[in-house]
Amino acid sequence: MSNVFEITGKVSFFALRAVVDAFRPPFEGGQIVRQLAEVGSRSLTLVIASGFALGAVMTLHTRSTLVTFGASAVIPTVQALAFILEIGPLVTGLLVAGRVGSGIGAVLANMRATEQIDGLESLSIDSFKFLVVPRIVACTLALPLLTLFMDFSGLLGGFFSEYATSRLSPQLYLSRAFSALEWSNFWPPTLKTCVFGFAIGVISTFFGYTTNEGAQGVGRAATNSVVLSSLLIILLDVLLIKLIFFVFPESAL
Amino acid sequence: MTNTPPAAVAFDHVSKSFGPKLVLNDVSLSVSAGEALCILGRSGTGKSVTLKLIISLLKPDQGKIWIEQDEVTQLHGAELSRIRRKMGLLFQDAALFDSLTLYDNLALPLQRLTQKTPAEVEFLADKVLGQVGLAGDKLKMPSELSGGMRKRAGLARALVLEPRILLADEPSSGLDRITASEIDELLLGQKAEHNTTLIIVTHDVHGARRVADRVAVLDQGRLVAHGTVAEVDNSESDVARHLISG
């Protein structure tokens, strides 16, 4: 149990240092853009494909139930609400934790094992600011963007599934999908993914940057990054939903 | 009153442990500016740790370390960066940044730590790569380089900021005799042309005899011999005599 508190303390201190360093010059603009491209390119295809498949499957599942109650007209509405409020942010967070978090953990741990981080320090380059901060910032900025792709590919998948069954027109599908949604429903869940991204960035860079176990540590850093990022995302999701309802009561449907 | 220049590097009763293992035990030594010191010793006797203590990648548990006029054990941040700028470190496995080309490995410190224009950065990086015989390989990734090329590339990166003190960790390990001699020549050339202080950790006795002005021998964390090659040849320490005789 004391180990849990010790790790929590270390990760919290690590995160605080990253926040302070992110606002301290010199700013790592080039590195942030490079990492943003890296996070995006690694995840975009996976996010779009997963969103499309989830959207299609969810429509198939909900259709059979809603048709029973004569409520097939609300399928697009249910789809949009489900994706934008919960499925999009959560699934994107979990996918990025698996795809990007493990990569970040492994890359940094490998750099530690092969003395590349010591190499940076020996050249008077602040390795924390150069390697850790841009990755955390990139994850924080990339998650909301990737969530948008997940939301809209989910709706697209849902539309194709619905079109194949009922020949519903795209215009009608979109109009029904967004009929129950306000901007106040859209922004808080999408922006909460910034917190997910920050958590993925902090956890994966922490395990990669602080490992001290040579080659063995690379695998362990990758695994720990994925497992703990995923758990933290699920925990944060619960906490943030309560917070969103408290701060933005109008977003509660 | 004598006017002796300060030592380039000095250890004053330095000790360092990792957990229960005492790696360096009350080591004191000094290296004059422009001198070449080779540190010999069996594996695990604290040779690489000594280099990391000099460049402050590790901090000692006890004792003081001086780089020219500065005591570095308590330094952090910008002050430590200023001291590190005086030094270059060639790592045992070169520690090249594997996501960057050879040229970018050299350009990175120049771009970040100097005010040089892109043209000046390119000129300097090309010049140093030329010195180590890698001018034609600057666009290669580290994974495309052979062991000897990686060592030379690591040396080029250590030299690109024109350090006054060059630290080299096993510069000839894993290399054939001819390539190891080439590395030794590069180190000697750097010393002769720029009066660079060399501190070299090595197992290569032939290289040490050729390059070193003085030799230090570590055994079980203690400095058991320190002096010219001839002095260490006649040292009271069996380990030192055995190591220096090859």
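With 246 residues, chain B would have a radius of gyration near 18 Å if it were a compact globule, and its value of 18 Å agrees; the radius is taken over C-alpha atoms, and the globule rule is 2.2 Å times the number of residues to the power 0.38. This is a predicted model, in which local features need pLDDT of at least 70, side-chain atom pairs count only at pLDDT 80 or more, and totals for chains, interfaces and linings use all residues. Residues are numbered from 1 along each chain as its sequence is written, while chains are lettered from A and ligands numbered from 1 in the order in which they are written.

The C-alpha trace of chain B spans about 55 × 45 × 40 Å along its principal axes. Nine helices and ten strands make up its secondary structure; helices (H or I, at least four residues) and strands (E, at least two) are DSSP runs, numbered from the N terminus. Of the 246 residues, 44% count as buried. A residue is buried if 20 or more other C-beta atoms, placed from the backbone, lie within 10 Å of its own, exposed if 12 or fewer, and partly exposed in between. Among contacts in chain B with a separation of 6 or more, 65% join residues 24 or more positions apart; a contact requires C-beta atoms, placed from the backbone, within 7 Å.

B:Ala125, B:Val128 and B:Leu129 are buried in helix 4. Seen down the helix axis, the buried residues fall within an arc of 100°, so they line one face; the arc is that of the directions from the axis to the C-beta atoms. On the other side, B:Ala119 and B:Glu120 are exposed. The cover over the buried residues includes helix 3 (102–113) and helix 5 (147–159) of chain B. B:Gly133, with a positive phi near 75°, follows helix 4.

B:Asp61 lies in the loop between helix 1 (47–54) and strand 4 (62–67) of chain B. It counts as partly exposed because it has 14 C-beta neighbours inside 10 Å. Leaving aside neighbours within four places in sequence, B:Asp61 is in contact with B:Ser15, B:Lys16 and B:Ser17.

Finally, ten residues of chain A are in contact with 14 residues of chain B.

How values were computed: Two residues are in contact if their C-beta atoms, placed from the backbone, lie within 7 Å.
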